[in-house]
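Try each task before reading its solution.

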Amino acid sequence: MVAGAAGSSAGTTDRLAELEARLARHDLKDIYKDDLPTPCMVVDQEIFDANLKKMSDHCSKTGIHLRAHVKVHKSTEVARRQLGMGAIGLTCATVAECELMSQAGFHGILLTRQPTSKNNIARVLALAKHDSTFGTVVDDPQVATWLQDAARAENLRLRTVVDVYAGLTRHGIEAGRPALDLAKQVDSSKNLKLVGIMGYSGTAAHTHGFEERMKKSRTDLSGLLETVAAARSAGLPVEIITGGSTGTYNVDSELKGLTELQAGSFVFMDTGYQKIGGKNNPAVFDDFGPALTVLTTVISRRHPGQCTIDAGNKALLKPTDEVKGRADVKVENQGAEYGLLVWKDGDRDYKIGDRVELYPSNLDMSTNVYDRYYVTRGERLVDVWPIMGRSGAAQR
Ligand SMILES: Cc1ncc(COP(=O)(O)O)c(C=O)c1O
């Protein structure tokens with residue numbers, strides 16, 4: 001328990017404020033998981049550290065770089081540790097994520113979604129002004145023209161990567177002639193600096209089975225690699241070829257097409273990724289361990305074979321989530337603030353007040369509804385890492 005929590009003579013009725021004050025002072029002595037308000041996100045530091053080391057070792061061994069995607073964790077503390085272990089930069093899905101990381105002093109940031117609004121273009125230029133290593137992708141000649149005009153007005157040169165279609169229809173210009181023409185346009189734009197080609201094969205990422213994933217990634221990246229070859233033959237500078245994901249980290253390094261990986265989920269993992277199967281273990285993709293759980297509390301226990309926890313739809317509980325240590329327990333949504341756990345083994349009931357940890361199904365979505373990671377070693381709290389704003393301006 002939090003020291004002094006029981007029978008404190010201070011007379012305060014606001015226990016949460018007391019806990020918050022201690023966290024703000026980083027006075028974490030004798031604070032345990034059991035003291036935390038639920039539902040909340042908990043990071044197992046040992047598993048997290050091992051995940052970072054595994055990716056770092058993989059990159060050193062194979063010669064591929066990591067430009068780590070921050071969309072899954074939205075945390076400067078996680079990013080700092082990745083950069084400390086050799087990542088050459090960060091990839092971000094939104095301008096707001098880029099701003100957060102740039103304001104933290106990080107370099108080599110690449111925005112992987114092209115900016116198309118007046119608002120986003122102005123902010124991208126501000127990021128480039130603040131840090132000349134910042135860059136963005138484009139997949140449309142119109143956007144390249146807008147960026148050129150905006151960069152000229154600011155009198156700066158914006159690092160630009162051409163985003164080429166790689167199997168995911170949401171973005172990426174068609175490989176071959178259209179992509180090559182766009183690369184030429186960027187290269188000949190005085191205020192843009194062509195630095196490379198991106199292709200994100202999001203469908204390969206979650207393809208089940210290592211061999212199937214290899215096949216899918218090879219197919220998805222073929223057009224991109226032909227475009228790279230054509231661009232180089234045309235004398236265009238292609239310094240980086242960026243793409244990849246947690247699911248394809250060891251596929252893409254074998255295929256030898258990309259110079260860098262944009263993997264993100266490996267830091268924590270989720271149940272969706274575990275099911276895709278690994279190279280060495282076809283049943284479970286266990287190259288990286290499940291470092292993140294949602295900690296919940298049993299709040300009602302009135303019917304056999306089921307109990308209610310305090311995490312429901314608002315906590316983005318999903319039937320595909322899994323219960324740590326109890327593969328037999330099924331998760332069901334019951335309501336905004338309520339979740340149902342259901343099981344068959346009457347000898348292994350939960351008791352009211354029990355703490356239950358859940359592995360989320362989709363990291364990006366779940367981390368988005370929490371404001372911090374409670375970092376633990378065993379039951380003990382060892383750190384608290386803020387998660388970027390969940391709503392309002394910080395999100396956009
Ligand atoms: C463009 C891009 N690159 C990389 C990633 C990282 O993928 P993962 O979290 O699967 O490692 C994502 C995730 O959706 C992405 O959108």
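**Exercise 1. How many aromatic pairs does a search of the whole structure find, and how is the pair of Tyr 249 and Phe 285 arranged?**

Solution. Keep in mind that this is a predicted model.
- Step 1: searching the whole structure turns up 9 aromatic pairs.
- Step 2: for Tyr 249 and Phe 285, the ring centres are 6.4 Å apart and the planes make an angle of 50 degrees.
- Step 3: ring centres must lie within 6.5 Å, and planes under 30 degrees apart count as stacked and over 60 as edge-to-face, so an angle between those limits is called tilted. The pair of Tyr 249 and Phe 285 is therefore tilted.
- Step 4: Tyr 249 belongs to helix H10 (residues 249-255), while Phe 285 lies in the loop between helix H11 (271-274) and strand E10 (292-300). With 36 residues separating them, the pair links distant parts of the chain.

**Exercise 2. Find the ligand and describe the residues around it.**

Solution. 
- Step 1: look in the largest pocket, where the ligand sits.
- Step 2: sort the shell around the ligand into 5 nonpolar, 8 polar and 2 charged residues.
- Step 3: among the 15 residues around the ligand, the nearest are Lys 71, Thr 246, Gln 262, Ser 265 and Tyr 273.
- Step 4: check the polar side chains. Lys 71 has a side-chain N or O atom 2.7 Å from a ligand oxygen. For Thr 246, a side-chain N or O atom is likewise 2.7 Å from an oxygen atom of the ligand. Arg 170 places a polar side-chain atom 2.7 Å from a ligand oxygen.
- Step 5: turn to burial. The ligand alone exposes 390 Å², and the protein buries 94% of that.

How values were computed. Residues are numbered from 1 along each chain as its sequence is written. This is a predicted model: local features need pLDDT of at least 70, side-chain atom pairs count only at pLDDT 80 or more; totals for chains, interfaces and linings use all residues. Side-chain values use heavy atoms; hydrogens and water are left out. A residue is near a molecule or strand if one of its heavy atoms lies within 4 Å of it. A polar contact is a pair of N or O atoms within 3.5 Å; within protein, one must be able to donate a hydrogen and the other to accept it, and residues adjacent in sequence count only if both atoms are side-chain atoms. Accessible areas come from the Shrake-Rupley method with a 1.4 Å probe; for residues, only the protein chains shown count as cover. On a 1 Å grid over the protein atoms alone, a cavity is a set of points where a 1.4 Å probe fits but cannot get out, and a pocket is an open set with protein on both sides within 12 Å along at least five of seven lines; lining residues have an atom within 4 Å of a point. A molecule sits in a cavity or pocket if more than half of its atoms lie within 2 Å of its grid points. Ala, Val, Leu, Ile, Met, Phe, Trp, Tyr, Cys and Pro count as nonpolar, Asp, Glu, Lys and Arg as charged, and the others, Gly among them, as polar. Rings of Phe, Tyr and Trp (its six-membered ring) pair if their centres lie within 6.5 Å; planes under 30 degrees apart count as stacked, over 60 as edge-to-face and the rest as tilted. Helices (H or I, at least four residues) and strands (E, at least two) are DSSP runs, numbered from the N terminus.
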